[in-house]
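Colleague: I would like to learn how to read backbone and packing features from a model. Could we take them one at a time?

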Amino acid sequence: MNWRVPLADIDIRHEDIDAVVQVLQSKWLSMGEVTASFEARFAERMGVTHALAVSNGTQALHLACLALGIGEGDEVILPSLTFVASSNAVLYCRAQVRFADIIDPLEPNIDPEEIERLVTPRTKAVLVVHYGGYPCRMEEIRSIARQKGLKVIEDCAHAPGASYFGRSTGNWGDIACFSFFANKNLSTGEGGMVTTNDDELAAKVRLLRSHGMTSLTWERHKGHAFSYDVIALGYNFRIDEMRAALGLQQLERLTQNNMKRQLITQSYWRDLHSTEVGLPFQHLAEETHIQSAYHLFPMLLPEEVDRFTFMSRLRDEGIQSSIHYPPIHLFRYYQKLYPDVVLTKTETFARREVTLPLFSNMSDEQRQMVTRAVVRALHEHQNRGFST
């Protein structure tokens, strides 16, 4: 469909294309010095010691769990309100998930009190997700983790460039994971990054992402080694030079583009404030210790409004919308594994949530088009009625 306002769009410029072309002309396409530069710049930007690029965000999560030694018999606490990759990564390691509820529908991040309630002798880690780009309550979560002897994994797929009390997301946990999927604030199409300040964890990730080999093709090409040994059961989770080149360019504009997203979000909040929709995270707008990456714009429909009909009205006007997220514990696969999970606040939020378009190069005309369509759809409900 040819959307007048798509849900997401990518800021691709001539310099991005030129950077990728330069890699192609170099004829070194697999992981090499461009990737090393991307990793170094990303680590500097996030204020971490180590940044290790991988093929996608799911692999970053898998590697984080492997590096922490999460395995059979272990449990990891995480929210159900996230993309399924967050929990799949735990299951890949033969561990079990414990789904935690959110704080409330207007702050749909993992509830620290839920984390504390769910800890058992088998709990090894908590995996937090900075939903929509808004940082979780990391000071409380880290305090609980220290008291309980837990490791902390940050899923920062929505939150590159966000910060909490001046410290970047990706720099709060023992290890953190970023996604550079096509709809992300920093996009390489596919791609991801693992960050950590722990030298030992970084060494494990570096080894496991490339077959458990002691030297890489690039190192041998540069004459630093002639052969290699395999010292662990590793994987092929490497990124390539084309995506690393694109990532370097995108990283240069991350702060600028996040600021554009912030202005669009604030305009949405202003224009929709007088309607009956709920506006998650708006109450945190004046909190100076929270800096969001503004990845998503979620809103909550009134209980009586039928979501499918509402979203269809937007579609009819050429405006794409989505749902973030169908809770993981309600998927058929996960219901078979965890049939007794009930998360009241997560389910309430997920039943009412609609995600509106948000991207850095969104024009003011497009944003107004969206808000007008939302208001018209709500008025139609009031005047003619479409309800659950």
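Modeller: What follows goes through backbone angles, strand pairing, a helix, a side chain and a surface patch. Keep in mind that this is a predicted model.

Colleague: Let us start with the backbone. Which residues have a positive phi although they are not glycine?

Modeller: The general idea is that most residues other than glycine have a negative phi. Here, lysine 27 has phi near 70°, and phenylalanine 281 has a positive phi of about 75°.

Colleague: Where are lysine 27 and phenylalanine 281 placed?

Modeller: Lysine 27 is in the loop between H1 and helix H2 (33-46). Phenylalanine 281 is in the loop between helix H10 (254-272) and strand E12 (290-291).

Colleague: Is lysine 27 buried or exposed, and is phenylalanine 281 buried or exposed?

Modeller: Lysine 27 has 73% relative accessibility, so it counts as exposed. Phenylalanine 281 has 1%, so it counts as buried. The cut-offs used are under 20% for buried and over 50% for exposed.

Colleague: Which peptide bond is cis?

Modeller: In general, most peptide bonds are trans. In this model the bond from histidine 324 to tyrosine 325 is cis, with omega near 5°. Tyrosine 325 belongs to the loop between helix H11 (307-316) and helix H12 (332-337).

Colleague: Next, strands. In what order do the three strands of the open sheet lie?

Modeller: Strands of a sheet pair through backbone hydrogen bonds, either parallel or antiparallel. In this sheet the order is E9-E8-E12, with antiparallel pairing. Strand E9 (167-168) and E12 are the edge strands, each pairing on one side only. Between strand E8 (residues 163-164) and E9 there are two bridges, and serine 163 has serine 168 in E9 as its bridge partner.

Colleague: How many bridges join E13 and E14?

Modeller: Strand E14 (residues 353-356) pairs with E13 over four bridges, in the antiparallel sense. Methionine 299 is partnered with valine 354 in E14.

Colleague: Which way do the side chains of E13 point?

Modeller: In strand E13 (residues 297-300), Phe297 and Met299 point one way, while Pro298 and Leu300 point the other way. All of these are buried.

Colleague: Now a helix. Which residues of H7 are buried?

Modeller: An α-helix has 3.6 residues a turn, so residues three or four places apart point the same way. In helix H7 (residues 199-208), the buried residues are Leu201, Ala202, Val205, Leu207 and Leu208. Their cover includes strand E1 (50-54), helix H3 (57-67), strand E10 (175-179) and strand E11 (192-196).

Colleague: What caps the N-terminal end of H7?

Modeller: The cap is aspartate 198, which has a side-chain oxygen 2.8 Å from the backbone nitrogen of glutamate 200.

Colleague: What does glutamine 250 touch?

Modeller: Glutamine 250 sits in helix H9 (residues 241-252) and is buried at 4% relative accessibility. Leaving out residues up to four places away in sequence, glutamine 250 touches Ile10, Asp11, Ile12, Asp16, Asn185, Leu186 and Ser187. A polar atom of the glutamine 250 side chain lies 3.3 Å from the backbone nitrogen of serine 187.

Colleague: Which residues make the nonpolar surface patch?

Modeller: Ile10, Ile12, Ile17 and Val21 make a patch of about 290 Å². Valine 21 is in helix H1 (residues 14-26). A residue needs over 30% relative accessible area to be in a patch; valine 21 has 33% and is partly exposed.

Notes. Residues numbered from 1 in each chain as written. Predicted model: local features only at pLDDT ≥ 70, side-chain atom pairs only at ≥ 80, totals over all residues. Heavy atoms only, no water. Patch = residues over 30% accessible without salt bridge, like charges linked within 9 Å, V, L, I, M, F, W, Y side chains within 5 Å. Areas by Shrake-Rupley, 256 points an atom, 1.4 Å probe, with all protein chains shown as cover. Salt bridge = Lys/Arg side-chain N within 4 Å of Asp/Glu carboxyl O. Buried < 20%, exposed > 50% of the residue type's maximum accessible area, 1.4 Å probe, protein only. Polar contact = N/O pair within 3.5 Å; in protein donor to acceptor, adjacent residues only side chain to side chain. Contact = heavy atoms within 4.5 Å. Pairing = 2+ DSSP bridges.
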